[in-house]
Amino acid sequence: MSNSALSTSFSGLDYLIVGAGFAGSVLAERLAHALDLRVLVVDKRPHIGGNAYDRHDDAGLLIHPYGPHIFHTNSADVFDYLSRYTQWRPYQHRVLGSVDGQLVPIPINLDTVNSLYGLKLSSFEMEQFLESVAEKIDDVRTSEDVVVNKVGRDLYNKFFRGYTRKQWGMDPSELDASVTARVPTRTNRDGRYFTDTFQAMPAQGYTRMFEAMLNHPNIKVMLNTDYREIVNLIPWKQMIYTGPVDSFFDFKFGKLPYRSLQFQHVTLPVERFQPVGTVNYPNDYAYTRISEFKHITGQTHSSTSIVYEYPRAQGDPYYPVPTRENAAMYKRYEAEADARTDVTFVGRLATYKYYNMDQVVAQALTAFKRLRARHERQDAQEISALTRNPANIALSDT
Ligand code: FAD
Ligand code: UDP
C-alpha cells in the first residue's frame, strides 16, 4: 500500500494503540465499545495477546509460547470485565520446588518444613520454628531481607538464593524487596501458589479471549508492524503506548534493564511429565522451572508439552528489574511520559512495573476512565462553544 493510500484508509482514526497485549487490547475494546472511537492496534509480533498469547502446537496441545500464564485476581471488577469475553475453567496452580532430592511445596508451608527437616510440626509449632530460625531485620529493603527475616538463612539458601540469582542475574540483596515478597510463607498446609479470590483459565485460551475483545467494527489490527514504520504515515489523534518506555524516548536517559527468558518447548509421548503445573529448580540446572501445560489448561491428550525457562540478559523484554538505580532512571522517563498529553503509557513495559495480568487490566481500565473523562470534557466544551455562537444555533435549527 502506498503511503497516501495508507493515510486515506485510516483517516478518521482516533487512537493509535501500540501493542496488542492486555494493556493495548483492553483500551482498544473500551475506546471502541464505550466511546465509539476508531482505533488501530499495531503490534510488531505476528499475533495478538502479547506475552499472554497461546496457541496449539504441532501435537495439538495448547501451549503458552511465552511461558506459563495463570490468571488470578482479587478484583471482581477485573474478573467481571474479562468475563464478558471468555468463559472460565477453574484452576488452582500448584508449584513444587526440587530441593535436597525432594519435591516439596513452594510457597514454603508446613509440609515443606516437615518434609525437608524430617519433622512432624503442627502449624503452631511451625510458627515457633520460624521464629527461632528467622533473622530479624528492622528495615526490610531487599529481596534477601524479606526472606531471611521470615524463614531464616537455611530455607532462604534452599529456595530463594539460587533461583533469584539465576532468574535475575544478581543477588537477592541487590533486588527490591517486592520481588521475593511475591512469594508468601504459610504455616498451614495450603499448597496453592496463589490464594486470590478468582483463579481460573480462559476456557478456550487467552488468544480466543483477545480475539473476542478486539472483534469490533471500530477496531483494526495491524500485525508484524513496528509502530515506528507507520507512526508518521497514519493520521492519529491520540496514542496508547504499551511497549518499553525507554525505547519510546530513544533511550535518552539510558537503557532500562529488562530481564529476558529463553523458552525451550518440548513435547513428550507420555500423558504426564510431572505431578503439578510447575516444578522450580532453585539450585540445579541452568533453567529456573519446568511447566507442563496440560495441568494448567485441563486438556486431555496422549502426549504432553512442557516448557523450560532459561533466564537471559538479552532478548525480548519480559521483566522490569526492580532495583534502586532502575527506579531512579524510570522516574526520569516517567516525568517525560507524564508531560505527553498526546500519548498514554500503560502496561508492564511502558510503566516499568512488575505487574501480573490482572494488574495490567486494572491499570488499563483506570487509564480508560481518565481518557473518558477527558473526552467528556472536550465534548462539553464543543457543545458549549456551539450553543454560545448564535450562528450555529440558527444553522442547527434549519
Ligand atoms: P505485553 O504483553 O508485553 O504486550 C506489549 C506488546 O507491545 C507486545 O505484544 C509487543 O510485541 C508490543 N510492542 C512492543 N514494542 C512495540 C513496537 N515498537 N511496535 C509495535 N508493537 C510493540 N501474569 C500473571 O498474571 N500470571 C502469570 O502466571 C504470569 N506469568 C508470566 C510468565 C512469564 C514468563 C512472563 C514474562 C510474564 C508473566 N506474567 C504473568 C505477566 C504478564 O505476561 C503481563 O502482566 C502481561 O502480559 C502484560 O501485558 P502488557 O500488555 O503490559 O504487555
Ligand atoms: N523465587 C525464588 N524461588 C522460588 C520461587 C520464586 O527465589 O522457588 C523468587 C524469584 O526471585 C522470583 C520471585 O521470587 O523471580 C517471584 O516469583 P514468581 O513465581 O512470582 O515469578 P514469576 O512467575 O513472575 O516469574
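**Exercise 1.** Determine in which hand H2 passes H12, and describe how the two helices meet.

*Solution.* H2 passes H12 in a right-handed crossing, where right-handed means that the near helix is turned clockwise from the far one by less than a right angle. The model is predicted, and local features need pLDDT of at least 70, side-chain atom pairs count only at pLDDT 80 or more, while totals for chains, interfaces and linings use all residues. Residues are numbered from 1 along each chain as its sequence is written, and chains are lettered from A and ligands numbered from 1 in the order in which they are written.

Next, take the axes, which are lines fitted to C-alpha atoms over the stretch in contact, with angles running from 0 to 180 degrees between N-to-C directions. Those of H2 (residues 22-35) and H12 (residues 357-388) come within 9 Å and cross at roughly 35°; helices are DSSP runs (H or I, at least four residues) and strands likewise (E, at least two), numbered from the N terminus.

Finally, look at the residues: among those of H2 that meet H12 are Phe22, Val26 and Arg30, and among their partners in H12 are Val361, Phe368 and Arg372.

**Exercise 2.** Find which residues come nearest to ligand 1.

*Solution.* Of the 33 residues around ligand 1, Gly19, Gly21, Gly50, Gly243 and Gly347 come nearest, a residue being near if its C-beta atom, placed from the backbone, lies within 6 Å. H2 and H12 each supply at least two residues of this shell.

**Exercise 3.** Work out in which sense E7 and E8 pair.

*Solution.* Strand E7 (residues 95-99) pairs with strand E8 (residues 102-105) in the antiparallel sense over four bridges, where pairing requires at least two bridges found by DSSP. Valine 99 stands opposite glutamine 102, and in the hairpin, with two residues between the strands, aspartate 100 takes a positive phi near 50°.

Definitions and conventions:
Contact = placed C-beta atoms within 7 Å.
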